[in-house]
Amino acid sequence: MKLTSAFILILFAFQFSSQSVVAQNSGAALKYMESIDKELNDITVDMWDYTSAAAHGKSARKVENRRKDVLRSNLDAQKKIGRMPDFEGDQSFRDSVVSFLKLSFNILNNDFAKIVDMEEIAEQSYDAMEAYLLAQERANQKLNKTSDMLSAQQQTFANTHGITLTENKDKVSQKLEAAGQVYKYYNVLYLIFFKSYKQEAYMIDAQNKGDVNALKQNSDALGKFSANGLKSLDSIKPFKGDGSVKTDCKNMLAFYKNESGKDAQIIANYSVKKENFEKVKAAFDAKAANKRTQADVNGMNNAVNDFNKSSTEYNKVNEDLNKKRNELINKWSDTVAKFIDKQVPKYK
């Protein structure tokens with residue numbers, strides 16, 4: 001089952017102020033800054049298209065196409081801005097913008113290409129998923145660092161040429177920032193959920209193989225992980241009043257915790273009784289009918305009765321677990337989808 005993980009790229013746009021202090025050359029300097037801003041706007045729009053497509057479950061091909069659109073916009077902007085003249089001998093701002101574009105291009109082209117590859121194996125283990133999300137976080141941190149560097153150069157240029165900058169984020173920039181906040185919150189909950197989700201898969205695998213020792217080890221680990229997860233949830237507040245994902249995460253963990261206890265014991269007991277029945281039956285069948293003692297018959301009957309009883313308990317528990325698990329997983333997936341749709345603005 002493909003779960004909703006998080007793949008998000010946040011790039012903050014640079015919007016230059018439309019106000020300036022009246023000073024010599026301030027009008028020309030402001031127009032110069034705005035001409036560079038215009039080239040960056042195209043990248044911002046493409047970045048939001050890419051982010052929205054990834055957030056709202058668009059096809060992998062569409063998401064990848066959006067990433068390529070951002071790369072093309074970046075290269076176009078590098079060329080156009082690189083060909084611009086300096087401003088009265090001051091090359092610093094133009095060159096810093098080109099450097100920023102080159103750095104962000106490399107991050108998007110290299111770091112995030114690797115992240116796309118990591119996504120294919122992310123669900124194979126908790127460590128792989130954690131590494132996948134951490135790689136995204138580090139890539140975003142790189143982008144934010146380059147953004148801060150450019151912002152500082154922007155301010156230096158403005159101060160030098162008598163321009164007063166004001167905070168003036170456009171709607172696309174605000175949407176990008178909002179998406180980043182949503183996924184930062186969701187990733188924490190997702191990892192808490194995924195750790196127990198994956199551990200249950202290991203337990204079920206041991207169950208299917210009839211490996212009682214592995215079943216016991218993995219059920220104990222599931223009990224520990226789910227209990228720790230529930231404790232971690234206590235310190236997590238709803239996101240802007242929306243506690244839906246937290247609530248369903250809590251319900252999933254409560255299910256895993258209960259499953260790891262009495263239910264896991266019944267499942268393990270079934271495996272033990274089954275193994276014992278098969279051994280007793282093999283020994284019983286190996287004896288000729290005229291050589292079987294009453295003790296042999298009693299032993300066989302007891303093994304059959306124990307196995308039948310454990311089978312009845314096992315089938316009921318297994319049926320109940322499968323039903324409840326499917327209900328909760330479907331509810332979790334539906335809640336996450338609705339949460340993302342509600343909290344992450346769609347591209348328009």
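Is the crossing of α7 and α8 left-handed or right-handed?

1. The crossing of α7 and α8 is left-handed. Please keep in mind throughout that this is a predicted model. Helix α7 covers residues 244-286 and helix α8 covers residues 294-343. Their axes lie 7 Å apart, and the packing angle is about 160°. Angles over 145 degrees count as roughly antiparallel, so α7 and α8 are roughly antiparallel to each other. As for what lines this contact, the residues of α7 and α8 in it divide into 24 nonpolar, 8 polar and 12 charged.

2. A word on confidence, then. The average pLDDT of the protein is 84, and 87% of the residues score at least 70. Among the elements, helix α6 (residues 212-233) has the highest mean pLDDT, 96, while helix α1 (residues 26-55) has the lowest, 78. Do look with care at residues 1-25, where the pLDDT is below 50. This stretch still has 110 contacts in the model beyond near neighbours in sequence.

3. Helix α6 also packs with α7. The axes of α6 and α7 come within 9 Å and cross at roughly 160°, and this pair is therefore roughly antiparallel. The crossing of α6 with α7 is left-handed. By class, their contact holds 13 nonpolar, 6 polar and 4 charged residues.

4. Next comes the pairing of α3 with α4. Helix α3 spans residues 92-119 and helix α4 spans residues 126-160; their axes come within 10 Å and cross at roughly 175°. That angle makes α3 roughly antiparallel to α4. The residues of the contact between α3 and α4 divide into 15 nonpolar, 9 polar and 3 charged.

5. Finally, the salt bridges. Side chains of opposite charge can pair when their charged atoms come close. The structure holds 16 salt bridges, and one of them joins K80 with E39. What is the distance between the closest N and O atoms of K80 and E39? These atoms are 3.9 Å apart, and the cut-off for a salt bridge is 4 Å. K80 lies in helix α2 (residues 60-82) and E39 in helix α1, so the pair ties together parts that are 41 residues apart in sequence. When you look at this pair, recall that α1 is the element with the lowest mean pLDDT.

Definitions and conventions. Residues numbered from 1 in each chain as written. Predicted model: local features only at pLDDT ≥ 70, side-chain atom pairs only at ≥ 80, totals over all residues. Heavy atoms only, no water. pLDDT = per-residue confidence, 0-100. Helix = DSSP H or I, 4+ residues; strand = E, 2+ residues; numbered from the N terminus. Contact = heavy atoms within 4.5 Å. Axes fitted to C-alpha atoms, helices over the stretch in contact; angles between N-to-C directions. Parallel < 35°, antiparallel > 145°, perpendicular 65-115°, else oblique. Left-handed = near helix turned anticlockwise from the far one by under 90°. Nonpolar A, V, L, I, M, F, W, Y, C, P; charged D, E, K, R; others polar. Salt bridge = Lys/Arg side-chain N within 4 Å of Asp/Glu carboxyl O.
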